[in-house]
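Visitor: I would like to learn how to read the features of a structure like this one. Could we go through them in turn?

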Amino acid sequence: MTKKQILIVRHGETDFNRRNIVQGSGVDTALNELGVQQALLFYKKYASHPFGAVYTSALKRSQQSVKGFIDAGLRHIALPNLNEISWGDFEGKLQTEEQKRIYWDTVNLWKNGNLEARIPNGETPLEMQERQKKAAELILNDDAQHILVCMHGRAMKSFLCLLLNRPLTHMEDFQHTNLCLYHLEYDGLLCRLVKENDTTHLNVAEH
């Protein structure tokens with residue numbers, strides 16, 4: 001069979017990203033000027049790629065990041081199951097030193113196997129990945145051979161673990177920046193990582 005190509009990008013920059021304010025699934029921010037420029041550069045690089053569908057989260061920062069493809073008429077499926085993890089009590093707040101400490105303590109708990117840990121009133125990685133399984137099934141079974149997915153940083157880490165059949169304790173293997181690209185190839189049974197955290201499309205000198 002022809003191998004399915006799945007390109008996964010993180011959304012572009014928002015003012016909350018720049019100001020170090022926690023977003024998460026409960027904060028529906030828009031791209032800032034740089035984020036819009038990042039989205040445009042990505043579109044210019046991949047406008048001719050034969051995508052058959054674009055999947056995004058239900059949050060506007062992910063949809064704005066692939067707006068060029070949606071406006072061009074690409075079939076668009078928005079899935080709340082691709083939303084960012086809920087950061088609970090931290091969402092919408094500027095990160096304090098205490099919150100940063102709690103965040104990194106929680107991330108280290110996840111790395112060490114405690115996947116039930118959560119930010120107060122937030123979501124656990126297990127809960128997030130459970131909802132992602134439904135999105136993964138739709139994407140892997142989509143008739144399109146080339147699929148674009150736009151989502152969020154922590155959610156992307158979990159989704160990559162899911163698609164690549166790696167334990168959630170390996171989320172930190174996957175680095176990301178705004179509008180970075182991960183390219184996976186699916187043979188009908190397994191996904192293989194082709195490209196990771198690629199940002200060459202954001203190099204203005206190439207455009």
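Visitor: Which residues have the most contacts inside the largest nonpolar core?

Guide: Before the answer, a word on the basis: this is a predicted model, in which local features need pLDDT of at least 70 and side-chain atom pairs count only at pLDDT 80 or more, while totals for chains, interfaces and linings use all residues. Residues are numbered from 1 along each chain as its sequence is written, and side-chain values use heavy atoms, with hydrogens and water left out.

Guide: In soluble globular proteins, nonpolar side chains tend to be buried together. A nonpolar core is a set of buried Ala, Val, Leu, Ile, Met, Phe, Trp, Tyr and Cys residues joined through side-chain atoms within 4.5 Å, where buried means under 20% relative accessible area, exposed over 50%, and partly exposed in between, with a 1.4 Å probe and protein chains only. Here the largest such core has 40 residues, and Ile-8, Tyr-55, Val-149 and Leu-184 are those with the most contacts inside it.

Visitor: Which element gives the most residues to this core?

Guide: Helices (H or I, at least four residues) and strands (E, at least two) are DSSP runs, numbered from the N terminus. Helix H7 gives the most, with six residues, and the elements that each supply at least two include strand S1 (4-10), helix H5 (97-111), helix H7 (153-163) and strand S5 (181-186). A second, separate core of 13 residues includes Leu-7, Phe-42, Phe-51 and Cys-150.

Visitor: How many aromatic pairs does a search of the whole structure find?

Guide: Rings of Phe, Tyr and Trp (its six-membered ring) pair if their centres lie within 6.5 Å, and planes under 30 degrees apart count as stacked, over 60 as edge-to-face and the rest as tilted. The search finds eight pairs. In one of them, the rings of Phe-51 and Phe-69 have centres 5.6 Å apart and planes at 85 degrees, so this pair is edge-to-face. It links distant parts of the chain, since Phe-51 lies in the loop between helix H2 (33-46) and strand S2 (53-56) and Phe-69 in helix H4 (residues 67-71), 18 residues apart. Phe-51 is buried at 10% relative accessible area, and Phe-69 is buried at 4%. Phe-51 and Phe-69 also belong to one aromatic cluster with Phe-42, Tyr-43 and Tyr-46.
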